[in-house]
Amino acid sequence: MFYRTHVLVEMTSSSVAFGAAQVKEALEREIERVGLKNEVKVLETGSFGASLPSPFVVIYPDNVIYAPLRVQDVRRVVEEHLLKGRVVRELMLAGGLEWKTSEFAFPFPLAKETRVVLRNSGFIDPLNIEDYIARDGYMALAKVLTEMTPQEVIEVIKRSNLLGRGGAGFPTGLKWEFTYKAEGQEKYVVCNADEGEPGTFKDRLILEGDPHSILEAMAIAGYAVGAREGYIYVRAEYPQSIRHLEEAIRQAGEYGFLGENILGSQFSFWVKIRKGAGAYVCGEETALLESIEGKRGEPRVKPPYPPQKGLWGKPTVINNVETLANIPPIILRGPEWFKSIGTPTCPGTKVFTLTGNVNNLGLIEVPMGITLRELIFEIGGGVRGGHGLKLVQTGGPSGGTMTPDLLDVPMTFDTLPKYNSALGSGALTVVDDTHCIVDVVKSFGEFFLHESCGKCTPCRIGNKRIVEILEKISEGKGTLDHLEELLHLGRNMKMTAFCGLGQAAPNPLLRCLEFFREEFETHVKEKVCPAGTCQLKSLQRTVR
Amino acid sequence: MAKTLKEMEKAKEKANLVTIYLDGKEAKVPEGITILEACRMEGFHVPTLCYMEGLSSWGGCRICVVEVEGQPNLVASCVTPVREGMKIRLSSRAVREARKTNLELLLSNHPLDCQLCDRNGSCELQELAYEFGVREIRFGGERKTYAVDMSSPSVKRDANRCILCGRCVRTCREVQSVCAIDFANRGFDTFISPSLGLPLGESVCINCGQCILACPTGALSEVSHVEMVWDAIEDPGKFVVLQTAPAVRVSIGEPFGLPAGTVTTGKMVAAFRRLGFDRVFDTNFTADLTIIEEGHEFIGRVKKGGKLPLITSCSPGWIKFMEHFYPELMENVSTCKSPQQMFGAIAKTYYAQKMGIDPKDMVVVSIMPCTAKKFECQRDEMCASGYQDVDFSLTTREAARMLKEKGIRLEEMPEENFDDPLGISTGAAAVFGATGGVMEAALRSVYEISTGKTLEKLDFYQVRGLDGVKEASLEINGMEVNVAVAHGLGNARRLLDQVKAGNSKYHFIEIMACPGGCIGGGGQPIPTNLEIRMKRIAAIYEVDKNLPLRKSHENPAIKKLYEEFLGEPNGEKAHHLLHTHYMPRERI
Amino acid sequence: MEESLYREIEEIIEKYREEETPLLCVLQEVQEKFHYLPRNVLGYIAKKMNVPSSTVYGVATFYSFFETNPVGEYVIRVCKSTPCHVQGAFNVLQALKRELGLKEGETSKDGKFTLEVTSCLGVCGVAPAMMINDVTYGNLNDERVREILALYRR
Ligand SMILES: Cc1cc2nc3c(=O)[nH]c(=O)nc-3n(C[C@H](O)[C@H](O)[C@H](O)COP(=O)(O)O)c2cc1C
Ligand code: SF4
Ligand code: SF4
Ligand code: SF4
Ligand code: SF4
Ligand code: SF4
Ligand code: SF4
Ligand code: SF4
Ligand code: FES
Ligand code: FES
Ligand code: FES
């Protein structure tokens with residue numbers, strides 16, 4: 001059926017919280033009432049990418065955005081815009097100042113944007129497989145099944161030099177090859193959708209906006225490594241992602257993209273969802289496997305690594321959501337195309353999530369190698385409230401701490417470690433100079449204290465002691481010895497912790513102790529907080 | 001699974017070798033072993049806490065870290081496999097500091113009152129603090145406080161002293177397959193919790209005490225009967241009778257500095273006599289009695305077509321395990337009380353009558369290698385005389401502590417003999433202390449009693465030793481009798497599942513809850529490890545070999561007991577006093 | 001506990017019979033039914049699924065979304081990770097404490113609300129944020145906290 005107009009309603013966890021479902025209902029009701037049911041179609045979409053005012057509604061092909069659109073205003077939009085063709089300016093996004101967009105996306109400058117993994121998010125109805133198919137969906141799977149051997153698939157991924165987007169940046173092709181070569185009849189593909197790194201929400205938007213791309217990629221991975229079953233481990237905090245995935249799996253099964261003898265080939269593949277239950281450490285791949293196995297999410301001893309012994313002891317390839325979302329385009333457009341994006345050693349795009357004290361919060365997909373300056377000052381519109389930039393935490397608390405002197409370092413997996421930093425998940429948390437460094441570091445520390453699994457000594461007790469010392473310092477009871485203890489504990493955790501969580505946990509602390517040493521010393525020597533943002537009333541404040 | 005030195009030596013013969021460098025010294029070691037195992041093979045000491053021979057590796061304490069050239073982090077040697085060309089530094093400054101820091105972190109969440117602790121002197125944490133030269137704990141802060149769990153009749157849990165090494169959890173799961181305890185909560189709030197967060201006494205814990213042996217600290221220990229025993233000894237109105245289990249005489253020397261495997265029977269008797277017991281008797285006496293009763297039960301079942309296989313019943317850890325996990329096998333289990341309980345029953349009836357003592361004034365104390373015996377003696381059905389058969393049960397460790405408290409030096413004692421008549425026993429009773437012993441003793445008697453012939457070879461080597469499951473067969477009156485022996489309940493499950501499925505080929509099965517049998521019981525001196533178990537077993541067979549009588553049915557005191565008092569084996573009186581019954585328990 | 005509740009648990013377990021190691025799934029679904037996982041329920045699950053009850057307890061206490069103690073009808077989880085923190089999560093938590101008269105970890109007397117803090121909810125673009133049961137709310141401030149609570153107080 002042909003519809004002259006599509007009304008796209010953003011339906012994400014957060015927009016539902018703002019009443020998007022009721023707005024969609026109201027739209028359908030009103031459209032039916034005015035008799036446009038056969039001309040105008042209301043569709044749910046995934047996120048439009050940014051943290052836009054919610055509920056967020058786009059009229060297509062007019063490219064008019066109504067946001068936030070309240071239920072009580074729906075009747076006016078339907079009667080005025082859809083029936084009479086008159087745009088309701090005062091209900092439009094930002095009062096209609098930016099009312100036309102060529103593509104459905106961000107209200108901030110888009111010149112740098114390159115969409116690979118977000119190619120469909122916001123453009124399609126994630127709950128309708130035909131939308132996905134219409135945009136070359138499942139073409140890559142078809143190509144792989146009909147034209148390529150598993151080795152050839154692995155070769156393509158290896159040549160693309162796709163590096164895992166879950167944080168560690170391990171070459172995906174190699175991982176697939178290890179799993180392919182591992183002995184065993186049964187193998188598994190696992191999609192890591194536990195996304196718990198504070199400041200990161202890219203995977204959620206991909207899952208909500210384009211779930212089929214993940215299913216397609218998992219099936220391709222399954223074909224390449226010789227697995228018949230895949231698991232998506234989604235964190236419990238993402239109910240909307242889970243709903244979209246469930247529907248997508250159902251539809252993909254119906255269309256024969258999942259299940260027995262896919263597209264008439266010998267290859268069969270099933271995908272199941274497993275839901276997390278609130279534990280950041282389950283993002284660590286072996287803890288995740290433990291969790292799927294119904295156990296406490298404690299990381300396993302490595303080696304053996306999952307490609308040798310993974311889920312239920314069987315060879316398993318584990319990839320991040322964003323990593324997987326890259327797979328179909330690489331298959332369809334070739335490794336050379338992929339390598340033409342980004343930097344030679346770190347090709348492709350990266351989704352960055354801008355959070356904290358920045359003007360434009362949200363996410364953007366840009367080529368690897370972009371600088372923080374571009375991300376924060378061009379795309380992010382600079383630090384909020386005109387304040388100075390204190391630091392940017394990249395890749396979440398486990399990532400790296402970037403200070404203003406590092407704004408021009410290219411953001412790639414291989415360059416940041418040279419600056420004691422890390423790209424990690426691509427989260428960017430901007431902290432302005434009104435914040436106290438002790439307070440910020442304590443906030444990171446509290447996160448790790450809350451999320452430590454408790455298996456190993458340095459992390460279980462070390463994080464506790466670190467937070468306690470930081471508390472003392474912030475209460476004006478700190479001493480210079482405390483700073484030495486912090487250094488010592490931090491280094492010890494980095495050197496001896498069992499898993500990546502504990503090894504990375506002290507990163508922000510150690511970096512900040514180095515870079516903001518003076519500020520720490522002022523706290524302990526003069527018992528004052530230079531930033532003056534103290535939350536403890538008992539502390540004497542001086543403003544400098 | 002952590003390997004023993006012997007297994008590693010074996011591996012070395014077969015496997016590919018890789019070359020590694022330990023503090024510069026070149027070594028060729030089998031591929032696939034861990035750095036720690038390589039160090040031990042090459043004679044380098046690496047401190048550990050969460051590692052334990054025979055258990056899966058955990059890698060959590062981070063005490064065993066070493067430096068590997070080219071690797072940015074330190075690695076835990078207990079879980080890191082060797083690689084060709086690996087250059088390992090075992091004692092660099094970084095390594096030393098890291099170990100010490102992690103130890104300090106553990107101690108920062110630990111009561112620092114070793115003097116008040118059960119494990120003072122045998123604590124691995126204490127020893128490491130000494131070895132590492134810890135003189136201050138730099139990191140203060142919150143210390144977790146938990147109530148001490150005294151709910152179990154056998155095992156006391158003081159979580160405040162727990163360092164979360166998980167050795168108890170892995171022992172209970174991997175060795176005993178009981179899974180009574182596991183980690184609970186997470187992060188700094190992690191603790192070891194019995195089933196469903198209940199007190200241990202309400203859990204499926206079978207009281208075997210293997211977790212106590214595994215624990216490096218004072219977090220787990222036995223529920224002490226020491227004070228009650230002092231009270232009884234010092235009460236002039238009480239006639240206090242002691243029995244000592246077969247496995248105690250080969251281990252109680254250890255806390256006094258004697259090497260493992262020293263037989264100290266005579267010295268032990270002298271020592272406990274000086275402690276103030278009115279009589280020092282021997283559980284071996286009733287071990288012989290058990291063989292007579294159980295042997296006749298077996299012969300009876302074979303003849304009358306009763307339920308087979310017959311399974312031994314002298315291990316109270318196994319009995320509770322059966323009641324929780326295999327209640328359907330209840331009828332397979334012998335109705336015989338354990339030697340400890342038979343002793344109490346005989347002491348408070350036969351012996352009390354003989355001596356003209358009112359059983360209410362008699363206190364029976366046992367010294368056992370076992371923590372489950374504390375539970376067993378409190379079972380309601382164990383009251384043959386109308387009074388509790390056995391009043392108090394001390395572990396070997398507690399008994400040694402009592403001697404020390406009174407300044408009795410076991411190693412300096414003269415050799416003395418048990419009192420008569422409940423101190424007379426045979427070699428068959430002696431071997432009860434080791435896995436396979438009950439079966440061996442039973443076969444010796446069953447054969448001779450049912451065939452009337454003399455058994456030529458008394459030593460049944462097939463059922464000896466530390467293999468998890470052992471089997472043998474013997475022709476008796478034209479019938480091929482198949483027997484099997486298991487120790488450690490994880491091993492026992494293999495046999496039990498067959499019986500449950502109805503495809504067991506065995507007629508008679510011995511099960512001991514503890515690895516190695518009672519010589520490896522949860523009440524034995526710490527450390528109790530594989531090597532020490534083997535030495536104690538050797539000592540047990542030495543005792544057997546050196547005794548003039550080696551078959552239970554030849555024990556003159558036992559014969560007399562039947563003549564004077566019990567009548568027929570398995571007769572009515574015997575049944576009343578020496579047999580018991582079981583009850584299914586919830587599997588919570 | 002009532003017979004019918006046990007039957008419901010059994011049905012949930014039955015539903016996952018085909019799955020390998022579905023303990024987490026079962027606990028999640030049972031918790032949805034009962035709001036929390038009482039000890040007898042955990043014991044029953046252990047028995048029916050043939051998993052040691054110590055293991056079930058260990059799992060149920062490891063994950064922060066599982067509650068082994070009674071909780072309110074609505075569990076409010078306020079994010080206090082850094083992106084929310086630097087956008088004023090502290091004030092949001094204060095506002096909630098004030099409005100509800102609860103401290104972290106407490107449940108209101110009427111059994112309606114439980115207040116907890118949690119790590120990043122993955123909606124940092126609308127920081128500061130919180131979740132009430134499985135609905136997420138962002139861009140919080142004192143006023144929005146009051147508005148949102150009003151929705152649940154009805
Ligand atoms: C503490 C910790 C948390 C992690 N969390 C995540 C996560 O939420 N999502 C993710 O994809 N990877 C996470 N990782 C990385 C995974 O262990 C793993 O490297 C990744 O899923 C591999 O996928 P990739 O190769 O596609 O990046 C985490 C690692 C650690 C140590
Ligand atoms: S580093 Fe932390 S999270 Fe990782 S195993 Fe150790 S305690 Fe658990
Ligand atoms: S002085 Fe105030 S602002 Fe600074 S750390 Fe302490 S509490 Fe925070
Ligand atoms: S457990 Fe060890 S270190 Fe701790 S108090 Fe007891 S003896 Fe001392
Ligand atoms: S070792 Fe030291 S602390 Fe312990 S009792 Fe002796 S003097 Fe006291
Ligand atoms: S006594 Fe035995 S059964 Fe009980 S917890 Fe310890 S090891 Fe497990
Ligand atoms: S109780 Fe003992 S063995 Fe168990 S974890 Fe604690 S310290 Fe280790
Ligand atoms: S094997 Fe021996 S020590 Fe162990 S529980 Fe049984 S009787 Fe006690
Ligand atoms: S002994 Fe190796 S980590 Fe504990
Ligand atoms: S039954 Fe007595 S030593 Fe084991
Ligand atoms: S930090 Fe609060 S939602 Fe991410």
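**View 1. A five-stranded open sheet in chain A of this predicted model.** Here the strands line up in the order E10-E9-E13-E11-E12, and their pairing is mixed. At the edges you will find strand E10 (362–367) and strand E12 (400–402), each of which pairs on one side only. On average, neighbouring strands of this sheet are turned by 25° against each other, direction ignored.

**View 2. Zooming in on strands E9 and E13 of chain A.** Strand E9 covers residues 349–356 and strand E13 covers residues 427–432; four bridges pair them in the parallel sense. To find your bearings, look for Leu354(A), whose bridge partner in E13(A) is Leu428(A).

**View 3. Helix H20 against the five-stranded sheet of chain A.** Residues 507–515 make up helix H20, which lies across strand E11 (389–394) and strand E12. Its course is at about 30° to E12(A).

**View 4. The surroundings of ligand 2.** Thirteen residues surround this ligand, the closest being Cys453(A), Cys456(A), Cys459(A), Cys499(A) and Gly502(A). Sorted by class, the shell holds nine nonpolar, three polar and one charged residues.

**View 5. A four-stranded open sheet, also in chain A.** Reading across, the order is E2-E1-E3-E4, with mixed pairing. Strand E2 (40–45) and strand E4 (64–66) each have a single partner strand, so one side of each is left without a neighbour in the sheet. Neighbouring strands of this sheet are turned by 25° against each other on average, direction ignored.

**View 6. Strands E3 and E4 of chain A, side by side.** Strand E3 (residues 57–60) runs antiparallel to E4(A), and three bridges join the two. A handy landmark is Val57(A), which stands opposite Tyr66(A) of E4(A).

**View 7. Helix H2 over the four-stranded sheet of chain A.** Helix H2 (residues 20–33) lies across strand E1 (5–10) as well as strands E2 and E3. Relative to E2(A), helix H2 runs at about 170°.

**View 8. The largest cavity and its lining.** The count comes to eleven cavities of 30 Å³ or more, and the largest cavity holds about 180 Å³ of space. Of the 20 residues that line the largest cavity, Cys162(B), Cys168(B), Ile192(B), Ala219(B) and Leu220(B) are the closest to its centre. Strand E6 (155–157) and helix H5 (167–175) of chain B each contribute at least two residues to this lining. By class, the lining has 15 nonpolar, two polar and three charged residues.

Notes. Residues numbered from 1 in each chain as written. Chains lettered and ligands numbered in written order. Predicted model: local features only at pLDDT ≥ 70, side-chain atom pairs only at ≥ 80, totals over all residues. Heavy atoms only, no water. Pairing = 2+ DSSP bridges. Axes fitted to C-alpha atoms, helices over the stretch in contact; angles between N-to-C directions. Contact = heavy atoms within 4.5 Å. 1 Å grid on protein atoms, 1.4 Å probe; cavity = no way out; pocket = protein on both sides within 12 Å on 5 of 7 lines; lining within 4 Å. Points joined across faces, edges and corners; volume = space filled by probe spheres on them. Nonpolar A, V, L, I, M, F, W, Y, C, P; charged D, E, K, R; others polar. Near = heavy atom within 4 Å.
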